[in-house]
Amino acid sequence: MTVVVTGGTGFTGTYLLRSMLSRDVGDVAVLSRDEPGKAHARLLSALEALGAPSAVLDAARRRVSTVQADIGHPGLNLPDDRFQALADSMTELWHCAADTTLQADPARLRRANLDGTRNVLALAETAAPGTRVRHLSTAFVAGRRREGLILEGDLDGSAGFENAYEQSKYHAEVAVRDWSCRTGRSVLVLRPSLMIPDGPVPAGAPSHQLASLVSLLARMRAVHRRPGAAPMTVRLPGHPDARLNMVQVGYAAEAMLDASTRMAAPPAEGTVTTLHLVHPQDTSAEHLWRLAAEHVPEFRFTLGPPPADPNFFERFAAKYFQPFLPFAWHRRSYDRSRLLSLLPGGREPGPPNLDFLFAEFLPTRFERRPVATAERLSPR
Ligand SMILES: NC(=O)c1ccc[n+]([C@@H]2O[C@H](COP(=O)([O-])OP(=O)(O)OC[C@H]3O[C@@H](n4cnc5c(N)ncnc54)[C@H](OP(=O)(O)O)[C@@H]3O)[C@@H](O)[C@H]2O)c1
């Protein structure tokens, strides 16, 4: 009995493994592009950094093996006999790996996210028919549908996408549905919104997406260099009532596993069940601006029509915040009734604590970490 996990070394994968290993899941094989020893060491140090209990660390040492594989290649770049052996041992698959770089080349995103999903599904198809398949998608497959209520069963690309990452994840979900229909196998599709850590991220734990936003604010602040001066207004293009759904990754990981357990006996062959792993309350832009004003008093951010006469910082924001800016027009919300029907009486997440986001600006309240490089720039 082996649970195969792709993306187990990433941000979400680490929390998922921490929750998985505190349950009785049997052996776990984590697929990573890294050399197996290094991948295992990365995984262990990430779990340690997250403060995983010793029983979980012990399980990670004893029950987790790492397999060097690249999902972007047919057969995952594994020798045929290794691919077959992995499929033969697999009772459950969690496909979490993805290229999550919003501004990446579309061909690169397609290869990791669409071809990668197809290649991972080929592994599932080689495994015994009862193998449970869990696919991590994103609530952002809703793309440019900026308003209204998104239902868990919705999968409609007609409004277009805010970026090529969303598009590649949308096409991956379509591929999952086609595969399920063709093979008669069932899949649980899990769509988290933007996942945030439960609190400040300790050194050694995989970085989260909003770290790049914080690092951009730090750069703006460094350029401003006029402490005590009146706040500088930065008019960002967006709807004043914009809101974004952010959910704590710890909650999302537990809820995914709970839902997966309850879905152990799928309702029918060839069924795709899609769940929104979202917070019951959206986070308003207004709330974010209040926090920003408290922690970064040099700037006062507003949302409205694009300014005709942008000042230096507005031009800076237009250039460097570009991957985030489309979301400043979003006022949609997500239905989660299917999730709740699977988790009756389940624990609900508390309000997202975003204070830690500004940790870079408050070295006295939080342990100071080096400013992250802005390599990855997207709500995913
Ligand atoms: N983070 C969010 O807010 C968020 C929100 C909604 C949905 N999601 C979805 O959740 C999943 C995990 O996201 P994340 O943010 O945790 O990702 P992440 O931190 O960027 O980690 C990506 C993971 O994918 C693996 N990976 C990437 N390319 C690979 C390849 N070609 N072959 C094998 N493994 C590969 C990486 O493993 P190695 O580097 O070890 O190879 C790493 O473990 C993704 O499907 C993402 O779309 C994330």
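Quick housekeeping. We're looking at a predicted model, where local features need pLDDT of at least 70 and side-chain atom pairs count only at pLDDT 80 or more, while totals for chains, interfaces and linings use all residues. Residues are numbered from 1 along each chain as its sequence is written, and side-chain values use heavy atoms, with hydrogens and water left out.

Taking contact as heavy atoms within 4.5 Å, 22 residues from domain 1 and 24 residues from domain 2 take part. Between them the two domains bury about 1,900 Å², with 64% of that on carbon and sulfur atoms. Buried area, by the way, is the accessible area (1.4 Å probe) that two parts lose on being put together, summed over both. On the domain 1 side, Arg 146, Met 246 and Gln 248 lose the most area to domain 2, and together they make up 32% of what that side buries.

Which elements of domain 1 touch domain 2? Helix 1 (11-21), helix 2 (36-49), strand 11 (246-248) and helix 8 (249-262) each supply at least two residues, and helix 2 gives the largest share, three residues. Helices (H or I, at least four residues) and strands (E, at least two) are DSSP runs, numbered from the N terminus.

Now, salt bridges in the whole structure: there are 20. Glu 314 pairs with Arg 235, with the closest N and O atoms 2.7 Å apart. That pair links distant parts of the chain, since Glu 314 is in helix 10 (residues 312-320) and Arg 235 in strand 9 (residues 232-237), 79 residues apart. Glu 314 is buried at 4% relative accessibility, whereas Arg 235 is partly exposed at 29%. The cut-offs are under 20% relative accessible area for buried, over 50% for exposed, and partly exposed in between (1.4 Å probe, protein chains only).

Asp 282 and Arg 243 form another one, closest N and O atoms 3.1 Å apart. Here Asp 282 sits in the loop between strand 12 (272-277) and strand 13 (283-284), and Arg 243 is in strand 10 (residues 243-244), 39 residues away. Asp 282 is partly exposed at 26%, and so is Arg 243 at 30%.

There's also a salt-bridge network made of Arg 23, Glu 254 and Asp 258.

Last stop, Leu 343, in the segment after helix 11 (337-342). Leu 343 is buried, with a relative accessible area of 8%. What does Leu 343 touch, not counting residues up to four places away in sequence? Ala 255, Asp 258, Ala 259 and Arg 262.

Key: A salt bridge is a side-chain nitrogen of Lys or Arg within 4 Å of a carboxyl oxygen of Asp or Glu.
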